Amino acid sequence: MSGRTEGGNTARDLQSAVQTRKTGEEAMSDRILGGTCLVLALLYIYFATQVRVGFISDPMGPKAFPIFIGVVLALGSIYTLLRPDPEPVWPKLGRFGEIVFAVVVMIAYTYALPELGFIISTTFAAGFLSWRLGARPLAAAIAGVGISLGIFVVFRLILKLSLAIGPWGF
């Protein structure tokens, strides 16, 4: 036996061909993600340009930051489209549950923000997410309070930006 199969190909050639096909199929998931993110980036940039600005505003205006974020997302998407990971590693089912939990927390945060205010809503959201990222419950609670108060001080007190005010005035 010379290690050849019918048709003249060696077993190694067939294995290489199967691996090449498999890699191409797996890289498709990165291309789908890249294409989806590129569309989202372009939509994000488009909607950022639709923001109406009064005649008295700073030179960059409120459009600059969202456009910058859209450009960064578009560049990352293009990179993912052109150079997909040949062997992407998808998380196990349990990790997908963690991702769904994080999305649920962020959706709940958007609903709680106008009702409970910035400090309380952010404390709970940051605390829950810290806990799910591996912090012990007490450390996660402390992190939630610290993150909430830290962001509040920077945005409300230093930058003088308005944040959601809850029923208790903060």
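Ser77 sits in helix 2, which covers residues 64-82. The model is predicted. Ser77 has a relative accessibility of 2%, so the residue counts as buried; the cut-off for buried is under 20%. Beyond its neighbours within four places in sequence, Ser77 touches Gly34, Cys37 and Leu38.

Now the record. UniProt, in an unreviewed entry, lists "transmembrane region" at residues 32-49, 61-79, 99-126 and 138-159. How do two of these spans look in the model? Residues 32-49 are 100% helix and 0% strand. The end C-alpha atoms of residues 32-49 are 26 Å apart. Residues 99-126 are 96% helix, again with 0% strand. Here the end C-alpha atoms lie 15 Å apart.

Helix 5 comes next. It runs over residues 137-158 and has 22 residues. At 1.5 Å a residue, helix 5 should span 32 Å; the end C-alpha atoms are 30 Å apart, so the two values agree.

Which residues of helix 5 are buried? Ala140, Gly144, Ser148 and Phe152 are. The buried residues of helix 5 pack against helix 4, residues 118-132. After helix 5 comes Lys160, with a positive phi near 60°.

Definitions and conventions. Residues are numbered from 1 along each chain as its sequence is written. This is a predicted model: local features need pLDDT of at least 70, side-chain atom pairs count only at pLDDT 80 or more; totals for chains, interfaces and linings use all residues. Side-chain values use heavy atoms; hydrogens and water are left out. UniProt positions are given in the numbering used here, feature names are shortened, and annotations may be inferred rather than shown by experiment. Helices (H or I, at least four residues) and strands (E, at least two) are DSSP runs, numbered from the N terminus. The expected span of a helix is 1.5 Å times one less than its number of residues. Buried means under 20% relative accessible area, exposed over 50%, partly exposed in between (1.4 Å probe, protein chains only). Contact means heavy atoms within 4.5 Å.
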